[in-house]
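Visitor: Could you show me how to read the helix packing in a model like this one? I would like the general idea each time, then the case at hand.

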Amino acid sequence: MSALALAFGVCCVAPWAVTILGVSGAVFLARLAFIQPYVVAGTIVLLGLGFWFVYRRPGEAGSCDVTQQRRSRWIVWSATVLVVVIDVASFAPRF
């Protein structure tokens, strides 16, 4: 069911991009498509750093609030899910 919703979302992204950005803006973004793999790789590296900062053991001098730590972990996991969904949606038309 969610794959079907994702497919409908992907087919609706292009018209909205043209509507919001205009034809020249959509063409400009299409010209930047060659850097997409590098952006995805950079995103994965930054998410890895986020996980490292959230799940590393705090030093003896710094005591971390448990609520803040849980919130940070929730934010990193939410960002990861969002990035995976966007990456799958952006690479789906190629398959």
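Visitor: What percentage of the 95 residues of the chain count as buried?

Guide: Buried means under 20% relative accessible area, exposed over 50%, and partly exposed in between (1.4 Å probe, protein chains only). Here 13% of the 95 residues count as buried. This is a predicted model, where local features need pLDDT of at least 70, side-chain atom pairs count only at pLDDT 80 or more, and totals for chains, interfaces and linings use all residues. Residues are numbered from 1 along each chain as its sequence is written, and side-chain values use heavy atoms, with hydrogens and water left out.

Visitor: Which residues of α2 are buried?

Guide: Helices are DSSP runs (H or I, at least four residues), numbered from the N terminus. In α2, the buried ones are Gln36, Val40, Leu47, Gly50, Phe51 and Val54. They lie on the same side of α2 because they cover an arc of only 95 degrees around the axis, taken from the directions from the helix axis to the C-beta atoms. On the other side of α2, Tyr38, Val45 and Leu46 are exposed.

Visitor: What do the buried residues of α2 pack against?

Guide: Contact means heavy atoms within 4.5 Å. The buried residues of α2 pack against α3 (66–91). Among the residues that meet there are Phe51 and Tyr55 in α2, and Trp77 and Phe91 in α3.

Visitor: At what angle do the axes of α2 and α3 cross?

Guide: Axes are lines fitted to C-alpha atoms, for helices over the stretch in contact, and angles run from 0 to 180 degrees between N-to-C directions. The axes of α2 and α3 cross at roughly 165 degrees and come within 10 Å. That makes α2 roughly antiparallel to α3, a term for angles over 145 degrees.

Definitions and conventions. Helices (H or I, at least four residues) and strands (E, at least two) are DSSP runs, numbered from the N terminus. Angles under 35 degrees count as roughly parallel, over 145 as roughly antiparallel, 65 to 115 as roughly perpendicular and the rest as oblique.
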